Amino acid sequence: MMYYFIIAVLSFLSVILLLYVIIWLSNKYKFYDRNHSLKSSPHHISRLGGVGIFVAFFMGLFFFINDLGESPDFSFYLAVIFLFLLGLNDDIFDLKAWVKFVIQIFVVIFVVTYGEIKYLTFIFDSMAINAFAGTIFSVVLLVYVVNAFNLIDGIDGLAAMLGAVINLILGLALILNGDLLYGGLAFVLFGTLCGFLVFNFSPAKVFMGDSGSMIIGFISSVVALRFIELNKEVFYSIYTSSVVVLALFIVPVYDTFRVFFIRLRLNKSPFRGDENHIHHRLRKLGFCDWQIVFLLTFYTLVMVFFVILLYDIGDVFLSLILLITCILFNIRIDYLLKKTLIQKT
């Protein structure tokens with residue numbers, strides 16, 4: 001296990017060195033974030049942090065797989081590169097949301113169809129699903145998580161912190177269950193994101209941009225699919241891997257669903273940005289960025305602990321409880337926001 005932490009440390013140091021260079025170049029050539037109105041800082045911040053994440057991740061990954069003697073299939077590399085270039089184009093040129101969405105779908109379909117990570121063969125309580133349904137469900141899941149991480153990246157440190165926690169836990173579980181390749185892949189991303197947090201934690205000196213958030217969402221969801229399939233009969237000898245993954249991703253997954261639902265109900269585009277995300281609403285309650293990051297990270301860890309503790313009640317009931325918990329949490333926030341508004345008026 002110490003070997004994997006060394007890999008994470010090397011990735012940590014790599015991204016720090018890269019970000020020093022990227023920030024210097026951004027300041028020199030004025031590569032600043034143009035959409036800071038939905039970010040946490042009004043100052044000139046480099047939006048090219050995703051370049052550092054991408055390069056450091058591949059540096060750590062190639063070092064690791066060269067030592068291990070195994071490698072993810074070609075489709076994985078191709079998908080990460082395509083999503084990175086797609087996000088980088090958006091960071092620089094502001095692509096249309098529907099263009100990004102369509103390209104994401106094609107990239108994910110390619111991975112699920114031709115890649116090593118093909119499709120889910122079961123969901124809750126080892127409920128078997130056929131190949132066609134499993135393929136559709138896997139494509140929707142991957143595209144959804146990619147966009148969820150993109151949307152949750154609205155304040156300093158949040159997307160990187162959640163990504164680091166997700167990959168640390170899944171990486172440990174995969175390694176302990178014998179999947180050294182994808183466990184190591186998760187540790188490389190974990191170390192990379194920890195290094196990125198040095199510059200992204202409030203007050204941020206760099207933003208990850210779409211080029212960073214999309215590849216974090218994609219890699220994390222691929223690791224999660226691997227965990228689900230590998231652990232359907234291994235993880236504590238129970239069928240909870242799907243719900244463990246749901247608990248790990250609960251903040252971006254539920255927040256994206258809630259925001260999309262509200263936008264569609266108001267006849268707005270689901271891809272049009274606003275300040276109705278969970279982190280924006282908590283900020284309106286007076287929480288600062290680092291408090292929001294730790295609160296939502298703690299909430300995630302509590303949900304994971306809760307799922308493991310009550311595994312014997314079944315996946316479906318656990319999922320319903322997670323959903324109800326999220327609804328109650330957001331109802332409480334709504335109540336506090338209305339109370340704060342009344343007090344101000």
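A salt bridge is a side-chain nitrogen of Lys or Arg within 4 Å of a carboxyl oxygen of Asp or Glu. Keep that cut-off at hand for these exercises, and remember that the model is predicted.

**Exercise 1**

Work out how Asp90 and Lys100 are paired, and which parts of the chain the pair ties together.

*Solution.* Start with the distance: the closest N and O atoms of Asp90 and Lys100 are 3.2 Å apart. The cut-off is 4 Å, and the pair forms a salt bridge. Asp90 sits in helix H3 (residues 74-93) and Lys100 in helix H4 (residues 97-114), so the bridge joins parts that are ten residues apart in sequence.

**Exercise 2**

Find the salt bridge between Lys100 and Asp210, and then name the residues of the network.

*Solution.* First, look at the side chains of Lys100 and Asp210, which meet in a salt bridge at 2.7 Å, N to O. Then locate them: Lys100 belongs to helix H4 and Asp210 to helix H8 (residues 209-230), so this pair ties together parts 110 residues apart in sequence. For burial, use the limit of under 20% relative accessible area. Lys100 has 11% relative accessibility and therefore counts as buried; Asp210, with 10%, is buried too. Now put the pieces together: Asp90, Lys100 and Asp210 are linked in a network of salt bridges.

**Exercise 3**

Decide whether each partner in the Arg281 and Asp334 salt bridge is buried or partly exposed.

*Solution.* Begin with the contact itself: the two side chains meet at 2.1 Å, N to O. Arg281 is in helix H11 (residues 278-284) and Asp334 in helix H13 (residues 315-344), so the bridge connects parts 53 residues apart in sequence. Arg281 has a relative accessibility of 3% and counts as buried. Asp334, at 33%, counts as partly exposed. In total, the structure holds seven salt bridges.

**Exercise 4**

Describe the largest cavity: how much space lies in it, and which helix gives the most to its lining?

*Solution.* The space in the largest cavity comes to about 90 Å³. Its lining includes Ile250, Tyr254, Leu296 and Phe329. Helices H10 (250-265), H12 (289-309) and H13 each give two or more residues to that lining, and H10 gives the most, with four.

**Exercise 5**

Trace the contacts of Ile219 beyond its neighbours within four places in sequence.

*Solution.* Ile219 touches Phe57, Phe76, Val80, Leu185 and Leu189. Now step back to the largest nonpolar core, which has 98 residues; Ile219 is among those with the most contacts inside it, as are Phe57 and Phe76.

Note on methods:
Residues numbered from 1 in each chain as written. Predicted model: local features only at pLDDT ≥ 70, side-chain atom pairs only at ≥ 80, totals over all residues. Heavy atoms only, no water. Core = buried A, V, L, I, M, F, W, Y, C linked by side-chain atoms within 4.5 Å. Buried < 20%, exposed > 50% of the residue type's maximum accessible area, 1.4 Å probe, protein only. Contact = heavy atoms within 4.5 Å. 1 Å grid on protein atoms, 1.4 Å probe; cavity = no way out; pocket = protein on both sides within 12 Å on 5 of 7 lines; lining within 4 Å. Points joined across faces, edges and corners; volume = space filled by probe spheres on them.
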